[in-house]
Every structure is written in C-alpha cells, then in structure tokens.
Amino acid sequence: MSILIQRTRMLYRRIPFRNIVFVSQKPTISSRFFLTPAVNRSLSTTKKSSNGTEWQTVLKRFLPVGICLIAVMQWRAFRKRQKEGPARQWEINCYCMLPLRTVSRCWGYIADVKLPELLRPPVYKMYSSVFGVNISEAENEDLTSYPSLADFFARSLKNGMRQVDQSSCLVSPCDGTVLHFGTVDTEQVEQVKGVTYSLKDFLGEQVTKMQKYGSDFKTSLLHKPLEGTTLYQCVIYLAPGDYHRFHSPAEWKPTHRRHFSGQLLSVNPSIASWLPGLFTLNERAVYLGHWNYGFFSYTAVGATNVGTVKVYFDKTLQTNKPYKNRTKEEICLGNAVELKKGDIMGEFRMGSTIVLIFEAPYNFKFSIMPGDKVKMGQGIGCVHEQQNKFVDRLTNERIGIKTVE
C-alpha cells in the first residue's frame, strides 16, 4: 500500500499543470491532503481574493441602502419628537436632493416591462391585496390580458360603474381622497389645512392681463369679477389602489397648457401636510381655460413613482424626462378642445393628485368634507339657484376691485 501511494505522488509531481487552480471546484479535505504546497497556497490566495470581492460587493450595493434606511428611520423619529409642523428650509433642501426623479423614471421602465402570462395573475393579485384594488370594477377582469403593471394601473372600468351627477355643476374628476377645498382669499393657497403654496408659482403668469379689475395676481385671473365671483380650489389625492384615469369635472374649454418640469416628490397626505409649496415644487401639467362662470384650471401633479402622466387630447405632453427643464413649456390649444362633464382626459401611471382652481359666484357651495373618499362623477359642488346678480361696493372692496363708474 505504501508503495502505491509513493508511485501516485511521483506521478502527480510529473504532471506539468499541477499548479493550475480551478476556482469553481472547491477541493474537499481529503483531496487537499494530496495537493502540493504550491497549490494549497494558490487556493488560499484565491479564497482570500474571492472573499474580498464578495465583501466589496456587499459594501457597494447594500451598505448605501442600509445607511439610507437608517437615516430615514432616524429622521422620522426626529420628526415625531419635534412635532413642529411644517418642514424647515434645510429639510426641504435635503428632501429635494434625493434622486426621486431617477427612481420614478426607473419605476416607469419597470412598470412598462411585459410580464409572462403565468406571472401576471399572482403579481396583480398581490398588488390588489396590498393597495385595496377592486378588480371586479375593471372592464376586463382577466388579469392575463394586462401585459404590464402600467397597463393594469390604467385599467378602464365597466360601463355604468361610475355615474356622472348631471344635477351638479362640478363633479369629482377622479377616484380619490379630498385633501382640501375652499375659497382662494389670497395668493397663498392651502394645499392642506395650515400648509400653503404660491398661486402664482403654481399656475405661472396669467395669459391675459386684466389690470382694470385689480393689481394682484389672484384678482387678475377673474373673468367676471363684476358679476360677484371669486376663486375656489379643490385638491384630490389618488392613492395607488384607486382608479387611475381622470376625467373632466365640468363643461369647460382648455385653451392653454403649461408643463412645469420640476421635482417628483411624494404627494401622500402626510407629506402634503408637512412640506410647504409641495405642488409648486413638483412636475405638473396645468391646463388653463374657462367655463360658464369664468376662469377654470385643471392641474395633474406628478409624484414619486409616477412613471407617466398622459393626456389623451395633448399628444405633445411628455412627462418624467431624463433631464428636467428649468423653464416651463407652454402651448396654445386654441378652441379645438371642448370637454363635457365626465369626458375622459387622461391617466396616471400610478397615484398622484388633481388640483382644480376655478372662478365661481359667491353662492357656490361644496358638498364634500376634507378626508372624504370620492368617486369619479360624484357631485362635489354647485351654485345655488337663487343667485344675486348685483354686487355692492362692499363686495367689490372685499376682493380688491374698483367699481368702474
């Protein structure tokens, strides 16, 4: 037996490639007993280098994510301890530095990826379970018919699933949660109670000058101030599980579109109640026009993980571009577009926010409350039948209008 072992070792020493190391094959303890010292040293060096590479991969890939998670948790704990209300300027600056626009664009790419048919039902069912999607309302309940998550987000509803209230002059443009509503008394508009944004920064400069009715921006937007009108606003938040298409809330005519390519910060109610000027920071498509009572604007606000905002009658609108523009993009729609109450306008590829700012008489009344869950087509406000057609001097002074003699 000893002679056989000696001859085997002599034969192995004569092999010219005895120092070659096969990294993919890890020798067992019994096999390493017969290896030469050179091979053992080579294996040890390879093992150390592979371990180093693995640790570098862990540090590069997972350590930043862990640090970000710890930072977010510490920041949330700090906010709970402070309870000081709106964010400070340094907090806003830090929040805007996060690469949320890049994350949203990547999410848009992922949402557009076509899934294998076998994976579609379990993926969509899991999403529906997490976000409370009512699949029975969808026009097509066959989950395999939606090629991607984006198509599932923008699913259409069955006919008659949403009834448009024809008795109300203003209906909800989408499914969602009412964040805030009311009159616009100053140029600082409440996005939620106690937290404001600038009306001028949100809409941009007025299209037409109406300086004879007042010098401030709010009054210059009014088309019929002498008939006793003022500005109103309504903010509706679309959650990820809501119906993602948005519709016309009234009979109106959009004449201009402005695209502000800004941030893509979260518009979750908790963020909206913390971050002042959120709607002026985020990317948005503002449609300006008029309706029966004067000025009317309809704004689709982008948000984190909103891959795309599509408006069907505006094919030139392109949101969530790789590089955001510093100035707004504006186009004139002319008189080509006329929308009726309940007409479909577009879709979000994930949840977001709709902001309505419009002119109406003083006796316009909302029929909703903050926090209410609303459905598309549900009446949210109307003008009372008995309308006072005369405006006294006191009313004119209240809105800053000088009566034309």
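The model is a predicted one.

Start with the overall picture. The protein has 405 residues, and 44% of them count as buried. Its secondary structure comprises 12 helices and 16 strands. Now take the contacts between residues at least 6 apart in sequence. Of these, 75% join residues at least 24 apart.

Next, go to the loop between β10 and β11. The strand β10 spans 309-311, and β11 spans 329-332.

Take Asp 314 first. Its relative accessibility is 4%, so Asp 314 counts as buried; the cut-off for that label is under 20%. Which residues does Asp 314 touch, leaving aside its neighbours within four places in sequence? They are Arg 257, Tyr 287 and Ile 331. Val 337 is 23 residues away from Asp 314 along the chain, and their C-alpha atoms are separated by 9.7 Å.

Now turn to Thr 319. Is Thr 319 buried or exposed? Thr 319 has a relative accessible area of 15%, and therefore it is buried. Its side chain reaches the backbone nitrogen of Val 309 at 3.0 Å. Beyond the neighbours within four places in sequence, Thr 319 is in contact with His 259, Glu 283, Thr 308 and Val 309.

Terms used: Residues numbered from 1 in each chain as written. Predicted model: local features only at pLDDT ≥ 70, side-chain atom pairs only at ≥ 80, totals over all residues. Heavy atoms only, no water. Helix = DSSP H or I, 4+ residues; strand = E, 2+ residues; numbered from the N terminus. Buried < 20%, exposed > 50% of the residue type's maximum accessible area, 1.4 Å probe, protein only. Polar contact = N/O pair within 3.5 Å; in protein donor to acceptor, adjacent residues only side chain to side chain. Contact = heavy atoms within 4.5 Å.
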